[in-house]
Amino acid sequence: MVNLTVNGKAQTYDGDPDMPLLWYVRDDLRLTGTRFGCGAGLCGACTVHVNGQAVRSCQTKMSTLAGKTVLTIDALATNGTLHRVQKAWVTHNVPQCGYCQSGQIMSAAALLKTTPYPTDADIDRAMAGNICRCGTYQRIRAAIHTAAKERA
Amino acid sequence: MFIENISLNRRQFLGGVLSTGAFVVASRLAPEELFAQAPAGAAIFNTKADTAALHPSVYLGIEPDGTVFIVTHRSEMGTGIRTSLPLVAADELDATWNRVRIEQGVGDPRYGDQNTDGSRSIRDFYDAFRVAGASARSMLISAAATQMNVPAAELTTANHEVVHAKSGKKLGYGALVAAAAKLPVPKAADLKFKPKTAWKFVGKERPIYDLNNIATGKAEFGLDVYRDGMVFASIEHPPVLGGTIKSLDDKDALTVKGVSQTVTLDTIKPPVQFQALGGVAVIGNSTWSVMQGRKKLKIDWNDGPHASFTSDPFKAAMLEKVKQPAKACRNLGNVDAEFGKGGKVFESVYYTPMAAHASMEPPAAVAEFKNGKAEIWCPTQNPQAVQDTVSAALGIDKKNVVCHVTLLGGGFGRKSKPDYAAEAALLARKLGKPVKVVWTREDDIHHDFYHAAAAVYHKAVVDAKGKPTAWLHRSVFQPIGSTFGAPGPLPFELDLGLNDVAYDIANIRAENAGADAHVRIGWFRAVTNNFHAFAQHCFVDELAHAAGRDSLEFMLDMLGPGKVIDLKAQGVDYSNYGADIAKYPVDSRRMRKVLEVAGEKSNWGKRKPGNGWGIGIAAHRSFNTYVASVVEVEIDAQGRVRIPRIDQVADPGVVINPDRARSQFEGGAVMGAGLAMFGEITAANGRIQQNNFDGFRVARMNDAPVQVNVHFVESGNLPTGVGEPGMPPVIAALANAIYAATGKRIREMPFSKTKLA
C-alpha cells in the first residue's frame, strides 16, 4: 500500500510495487499528459516532479513514492493560469509535433527552481536528457530564457 | 511518398500489389467533384462540417450561429498542416479565426489523397481549400444580396460579415447560413479569389491550433486513447523478418498479475507491404502488466533466410558493387567518350548506413470490432492506408473500416505504414473487445521500415578550371520497392537526387544497381535524397578544393547560368515528387538564387577556415523546393564537433504560415545534422543491434546546432514542400564544413565514427 499525492489529490496505490509511476498516472489515473517515449530513462518524455524535483516517471517505481508529492504537466497550470514556462513555450511557438514537450516543460520548470537565471551551458546540461526528434531545441533554449526573465 | 508515380512498366509489374490496395493510389489532387457539395449519405463518418447547415465542400461547413467547421484531412505530425490548410480556407472565406473549429478528417477517399508524406499537403490542397472558402463566401454574398436587395457586386466581406459599403448595412455569416444553404454551390471555375494584397492569414504568423493543448498536456496522441472495456497488448515480433515460431512457452507470462492470455499472430508473408509482422501478443489489463508478461515468454524462432543479414559484409559488398557498371537511368551526351579522351579524373565512394525514424511516440493503435465493422484510433500519416491494410487483414470491405486520426508524436514517414493498426484490428476481432497495441521503443527500433543503407559512387573528368566535362553518378541501396515486392527500386527512388542532378555539364550519366533489403525498407524524411545529396555535394566540394577554388563560386559555376532542365530529353520519365513538371520544373536558376542568398546571409568567405573552425555549403532541390545550407563547425582538441550556426535559405514558393515553415527548416537542420553525426542502425544475423536511444543516437540539445537561421526567397512561385527539403543539403554542408576545419574528408555516415582529433 502506497499513499501519495498526485496533482494535489491524495491517492492510494496497492498494485505491483515495481510498476513505474508513468503507467500509474497514465493507465490508472488517466493523466495522459505524461508521455511514454523510451521506458528506459533515455528520452525524458515522461518527466514529472516528485517533491519538486524532475524525475523520469518511467524509472520511478511506485514502491518509492510513499508520502511523496507528484506533479504532472496536467496540473502545472494553476486555476487556468499557465505556468511561466508554459507561457514562454506558447510565446516562442516551441512545439512541432508536441509529444516530447510535456517532459521538456517539466524539466525546464524544475531547472528554473534551482537555477533562476540559467546560462546556455546550464540549459544544455539540464535539458540534455530530453530528446526532441522534431528538433525544437533552439526555441526551447530561448523559451527558458524568456521564462527566467518573467520572474524578475 | 508518391507511389502514384509508378511508370507504366513498373505499374504493370506491381499490378497485383496495387490492386490489393496495399497502398493508396488515389488521386493525388482533390478531384473536381470534391469542390462541390458532398453526396448525401456517402460519408464513412460524418463530420460537423458535413452536418452543418451550410456545407459547400467536404472540407468546410457553417452553422447558423456562425461557427465555421474546417476539416483537415491531412495528418498533424509537427508540420502545422492541421492549422495551415484551414488558414487557407478561412482567408478566402474572410472568417474570424476564433470562430473557426478544426476537425480531423477520418480516413475517407472523398477527401482525395490523405497520405501526409512527400511534403505536398499545401502544394496539392492549397487550391482545394481556397475553393472551399471562396465557395462559401460566394454563397453568403448571394444570400445577402437577396436579403439586402442590392446587387451582389456591391457587396464585400470582412470579419465574418457581408458588408454593403454604400448603405453601411452588414449581415453576419451565421444569419445568412439558412438562405445560403438553399443556393447551388458555385463552380470552382466561376469563383473569384482574393488578391494577394487582401490576404489576412496566408503569409502571416499564426500559432498552431493545438498549441495550448500541447503546452498543458491535453493534446491527444495515439497512446492517449482509452475505450471502455479495453485491454492492452504488447507483441513479441519475430526478431528476424519473416521468422516463425518453433516453440512457445507462455506459462510464466500468464502468471503475471493482470495478464489474461496470449494470442499468436501469423507471420508476415512477402511482399511485406504494411501487414502485421506476426509474433505473440500478450494481453492484459494494463500497459505495464503486458510488458512484464512479455518478458516472461519463452519463444524459439525459426529465423528463416534473412538471418544471413549482417551489416559489415553487406556494406563491403555494396562498396564493391557500386564500383561496377550498372543500369543507366539517365543519359546526357556521351560520358564514356568524354572519359575516353583522358584528362584529370576524380572518383569517390560515399556510404551511409541504415537509420531508424524513432519518432518520439512509438507506434500505437486502438481498435474495436463490432458487427463486422472495425473502428481504429491511431497516429497515422495515412488513414486510407489504415483502411486498406485493416480491410485486407480482416477480409472486410474498406467502407467498414473507420480510421480516426489522433495527433502524431512524430512521423517522419514511419507512420505512413500502419502495421500496428492491423495488429490492433486483428486482436480486437479475436478478443471481441477494444484493444490497445503499444509498441515499446525497442520494438520501434527493432522493427522499423528503415531508411536504406546506401553506397554512392561518383566519377568526373575535369577541364583546365577543374569543372567536370563528364559526370557519372551511381547508387546502390536497399530499395523501398522491396517492401512492395518489386525487384529493385521504384522509379521515384531514383528521382530523388540521382536522376535530377541540375549541373551544367554536357555529359551526365546516372546509374543504379539494386541491393537485397533483408529488413523492411521505407521512406524516411527526405528519403533517398539524403544519401544522394550527401555524396553529390561533397564530391563537388572535393572538386572545388582540388581546383583551388572557392566552394560557393565553384557550385555556382557547376550550375552555369541556370535554366529549366529537360530531363525527358535525357531519357528520364521524371516523377517530380508527383507534381506536374510544366508547373514545377527543375530550374537551376532557382538553385543559383538560394546559393547566392546563402552566401550573403551567412557571411560566406569573410572568415578563413582553420584552427578548429570551418564552414561548408551545399544546395539541393527536393520536394520541388530549392534549399541552400551553410553550416559552421567548431572542433575542439578532442575532436568533438560543435555546430554554432546553420543558415538555411529556401525557395518553397508561397509560404502559408511563415513561422511553421521556418520551424520545419530549423528541425530539418537538427535532424539532418543528428543523422549525419550519429545515425546508424546495424544488423547481425538478421537481428537489429540497437535497442533504444542509447544505441541509436539522435541529436540532443547539447549536440544539436545552436542557432539555425532560416531565410525565404520570395520567388512568387507556387507553394512547394517545407517538411523534408531542409535535411539533405545540411548533411553535405556539415561534412564540407568539417573538411574546411580539419582537412579530413568524411565520406561515411555517421560522422562520429571518423576521428577528428
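Guide: Two strands count as a pair if DSSP finds at least two bridges between them. Keep that handy, and remember that this is a predicted model.

Visitor: Which residue is the bridge partner of Ala470(B) in E21(B)?

Guide: Begin with strand E20 (residues 468-477) of chain B and strand E21 (residues 507-514) of chain B, which are joined by eight bridges and run parallel. A pair needs at least two bridges, so these strands qualify. Across from Ala470(B), the bridge partner in E21(B) is Asn507(B).

Visitor: Which strands stand at the edges of the open sheet of five strands in chain B?

Guide: Reading across the open sheet, the order is E13-E21-E20-E19-E14 of chain B, and the pairing is mixed. An edge strand has a single partner strand, so one side of it has no neighbour in the sheet. In chain B that describes strand E13 (327-332) and strand E14 (344-352).

Visitor: And what is the angle between the direction of helix H10 and that of E14(B)?

Guide: Within the sheet, neighbouring strands are turned by 10° against each other on average, direction ignored. Helix H10 (residues 311-321) of chain B packs on this sheet and touches E14, strand E19 (454-462), E20 and E21 of chain B. Its direction and that of E14(B) make an angle of about 155°.

Visitor: Which helix lies across E14, E19 and E20 of chain B?

Guide: Look for a helix running at about 145° to E14(B). You'll find it at residues 529-546 of chain B, and its name is H16.

Visitor: How many residues of the contact of H12(B) with H13(B) are nonpolar?

Guide: H12(B) passes H13(B) in a right-handed crossing. On the H12(B) side you'll see Val386(B), Thr389(B), Val390(B), Ala393(B) and Leu394(B), while H13(B) brings Ala421(B), Ala422(B), Ala425(B), Leu426(B) and Arg429(B). One residue is polar and one is charged, and the nonpolar count is eight.

Visitor: How many charged residues are in the contact of H4(B) with H5(B)?

Guide: Helix H4 (residues 81-93) and helix H5 (residues 121-148) of chain B pack at about 35°, their axes 7 Å apart. Here too the crossing is right-handed, with H4(B) passing H5(B). The contact includes Asp91(B) and Glu92(B) of H4(B), along with Arg130(B) and Arg137(B) of H5(B). By class there are 13 nonpolar and three polar residues, and the charged ones number four.

Visitor: Which helix gives the most to the side of domain 1 of chain B that touches domain 3?

Guide: The domain assignment puts domain 1 of chain B at 31-207, domain 2 at 222-304 + 363-438, and domain 3 at 311-355 + 449-753. Taken over C-alpha atoms, the centres of domain 1 and domain 3 of chain B are 40 Å apart, and 17 residues of domain 1 are in contact with 20 residues of domain 3. The elements giving two or more residues to the domain 1 side are H4 and H5 of chain B. With four residues, the one that gives the most is H4(B).

Visitor: What about the two chains: which element gives the largest share of the side of chain B that touches chain A?

Guide: The contact draws 48 residues from chain B and 44 from chain A. On the chain B side, helix H7 (211-215), helix H9 (287-295), helix H19 (658-678) and strand E27 (707-712) each supply at least two residues. The largest share is six residues, and they come from H19(B).

Visitor: Where is Pro271(B), which has a cis peptide bond from Pro270(B)?

Guide: The bond from Pro270(B) to Pro271(B) is cis, with omega near -5°. Another cis bond joins Met749(B) and Pro750(B), and Pro750(B) sits in the segment after helix H20 (728-742) of chain B. As for Pro271(B), look in the loop between strand E10 (259-265) and strand E11 (279-284) of chain B.

Methods: Residues numbered from 1 in each chain as written. Chains lettered and ligands numbered in written order. Predicted model: local features only at pLDDT ≥ 70, side-chain atom pairs only at ≥ 80, totals over all residues. Left-handed = near helix turned anticlockwise from the far one by under 90°. Contact = placed C-beta atoms within 7 Å. Nonpolar A, V, L, I, M, F, W, Y, C, P; charged D, E, K, R; others polar. Axes fitted to C-alpha atoms, helices over the stretch in contact; angles between N-to-C directions. Domains from an automatic or database assignment.
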